[in-house]
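User: I'm new to this one and would like a quick tour. Can you take me through a few spots, one question at a time?

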Amino acid sequence: MKSRSTLATWLSELDGSRLARVLAMRKDAASAPEPRSLGELADRLQRPGSVALVLPQLTLPCLQAAEALAALGARATRDSLAELLGSTSPTAVHALDATLEALSDRALVWHDANEALRMPAPLRQAWSTPLGLDAPLGELLAGATSEELRGMLVVLGIKPPGTKQQRLAALVEHHSDAERVAALVAAAPAATRKLLEQSARSTPRQSLFVVFGAPGRDLQPGARWALDRGLLLQDRHRYGPVRMPVEVALALRGTDWHAPFEPLPPVTQLVPITSSEVEREAAVAATAFAAHAASVLSACATAPPTRLKSGGIGARELARLGKAAQAEDAVVRIVLESAYAAGLLARDGDRVPPTEAYDAWAEQEPAEQLAVLLRAWRDLPLTPTRARDEDNKALPALAGAPDCGGCLQARHGLLIAAAGLPAGQGVKVASELGPLVAWHRPLADDASPEDTAAFSTVIREGELLGVLARGALSPLGAHLAAHADEELDITARRLLPPATTTARIGADLTAVVTGTPSARLAALLDSTADRETSGTASVWRFSAGSIRRALDAGRTPDDITADLAAGSATALPQPLTYLIADTARGHGRVRIAPAACVIHGDEPALLAELAAHRALSKLALRRLAPTVLVSGSPPVTTLAALRAAGYAPVAETAGGTVRIEKSLPQRAAAAVPPPRGNVGRRGPRTTATHASQMPIDAGTDLDVLADRLLKAPPNAPEPDPFGSGVPFATDTEEIVAGYTKHLSYSDVRQVAHAIDAGEAIMVEYIATSGSRTVRTLSDLELDPPYLNAWCHLREAERVFTLSRIHGVMPA
């Protein structure tokens, strides 16, 4: 890389192909409008959000090199970086150059005019204590006075220059010489040497803290000696921690200490495989998954799964879908999440039915169906087969959890890691791909409690989909990794057989379909038989109940026989035709008709007259017997209509006796007291009354009333949704109240205050699994409808849904 002063200058000197590669690697820039200049592009690439999107895509050596550069600060050069990482051999230098080249492709590292390595400020700030080191000496002494600098130089035996800048430069030059710092510490008292060695090996968070008090008080033994010489630094007001500059820490760690740097991926045990073996196994897995997917979505179309009150599809509905499709839970979850992401399913109230796009998808060939689900699975912002949360509680599917960037990177890291295996070889055990995924995507999410090995969940998903086979990447997976959608469609059509349009119906009343049945054949068999197995071969069984189900749907015996004959590879066996005929012969011999009430009498002529009366047509009267009519209207409506037509019917009880119609007088149980002001309202009683709400006495002067109305506000103030009459104090309260419908007004104010003041709170939280937990949260950040916070129970950052907070307590 040549010398360049700024990122904009460096970008301007790149050729077109290199600049295009930078833009391609920085995918966050592609989502924004096209920059109008290289200066605007450089500014965009250095924004904090841009760096946050790129970091999860970096490999382990790129992250390690970037952290080392952040630790070195402004004095970082290629040679100093190589020395810090211990990459001085020719092979290691070549690996370091390749790492720096990968960082420069993403515009994360470039050279300035002084051959120093530069990086965007947001990337440098991504580590609060890179390599466990504090800030450079110049930064820590930025607030020191000239006299304080002079005192340190005098103690070190250096003649102080005239200005503050010169004194600071002299002190930085002295402490940047590792040999001089080591010699100085070697001459220090034993307590000081012990303290400095301990501070050099610990992170700044574990450094010595100083409490409030006079200078020099409450310091550990030997600290004053180091403070006087600038080996340790303290706030001039003696508040906060005692800090060690990065120059001093690196000098005390010694030349034998090096920052971690792993430029090569971990070694895995490989076995030789052929492309035909990989394709054959991938085709079997992909065919089975496509058949299961069609069965799961067909079951959703027949009876849409019901959502839980807390959101998502619970274990009972997942088990029902799995039983109907003869598929395991992991396959059902992948199908539901992928189909929902592809627009084949959608939430509709408390159910998740298929969309109109599903109808077109169901008519496609299995290869085309699989390609749609594969593309959706590749870009899912979650791990679909993750069935347990961090508390080992069951997780529903389609729960609507926040996007998980680490889950997405785990999937992409798996594709990249498998694509990097040597041609003609695969890992001996699929779980050995886990360390490779961790090397390619160190920031990927691997927190699933079901994982027995690193990234075993996402690896298992790849095998179920036919993306991985025999420990290697299949052609389907290779096209997914390259985002080559057209090639993916072509390969899927080559590997997967077309849909089967005929079944082999045997004398044992079973229908066997090899491969994936077509939508028409599957619908026919599902309507006339019960599915027993599904996968590479599906089996249906005919029974009297299944044939009766088809007859109940309006099918005739001849239609059923003709459709099954058209869908059978051979002539229909005699047992099946006998079964259809026998079931049809007894079908409908007993009928059940709906009736709101029954009209009966002793005169057939009178009942015939009622049935033919035009004024009574709205009752939908139907004659069942000479003396019996049924009405489609309830008894009260029927009685009123008959009486309006001039007849004199009487009502009967359920036991057949005449019902006596007698209305009792209605009386109130007690006098209703007049309403009292402010009843049932929370909060303090308001002292001011709106003019429009004041009582008007008979003797009130109208001029006085008019003057009172003119002085009053034009409209009565709108009360808050909680009915306390107190308006929201801050915008945060109003936002929190809009999402936390279960919280009282005081709880809303407590949550909003904790967010604005940066205080900790305890919340009663309903997890996605439906379990109720109590969490202590701090570092709250509002991101409606979510709340980002540090969970003290899990000792990690977590995302909480505001609507799931059901109670608040002081921390």
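User: Which residues gather in a patch of negative charge on the surface?

Analyst: Happy to start there, and keep in mind that this is a predicted model. Asp and Glu are what count as negative here. The ones that gather in this surface patch are Asp 779, Glu 781, Asp 783 and Glu 797.

User: And which strand gives the most to the negative patch?

Analyst: Take Glu 781 as a way in: this residue lies in strand S15. That strand covers residues 772–783 and puts three residues into the patch.

User: Let's move on to Ser 202. Is it buried or exposed?

Analyst: Ser 202 sits in the loop between helix H14 (190–201) and helix H15 (223–228). Its relative accessible area is 11%, and the cut-off for buried is under 20%. Therefore Ser 202 is buried.

User: Which backbone oxygen does the side chain of Ser 202 reach at 3.1 Å?

Analyst: There are a couple of contacts to sort out here. At 3.3 Å, the Ser 202 side chain reaches the backbone oxygen of Ser 199. At 3.1 Å, the backbone oxygen belongs to Gln 198.

User: What about Val 650, buried or exposed?

Analyst: You'll find Val 650 in the loop between helix H32 (635–644) and helix H33 (702–711). Together with Val 658 and Ile 660, Val 650 makes a nonpolar surface patch of about 330 Å². Exposed means over 50% relative accessible area. Val 650 has 58%, so it counts as exposed.

How values were computed:
Residues numbered from 1 in each chain as written. Predicted model: local features only at pLDDT ≥ 70, side-chain atom pairs only at ≥ 80, totals over all residues. Heavy atoms only, no water. Patch = residues over 30% accessible without salt bridge, like charges linked within 9 Å, V, L, I, M, F, W, Y side chains within 5 Å. Areas by Shrake-Rupley, 256 points an atom, 1.4 Å probe, with all protein chains shown as cover. Salt bridge = Lys/Arg side-chain N within 4 Å of Asp/Glu carboxyl O. Charge placed at Lys NZ, Arg CZ, Asp CG, Glu CD. Helix = DSSP H or I, 4+ residues; strand = E, 2+ residues; numbered from the N terminus. Buried < 20%, exposed > 50% of the residue type's maximum accessible area, 1.4 Å probe, protein only. Polar contact = N/O pair within 3.5 Å; in protein donor to acceptor, adjacent residues only side chain to side chain.
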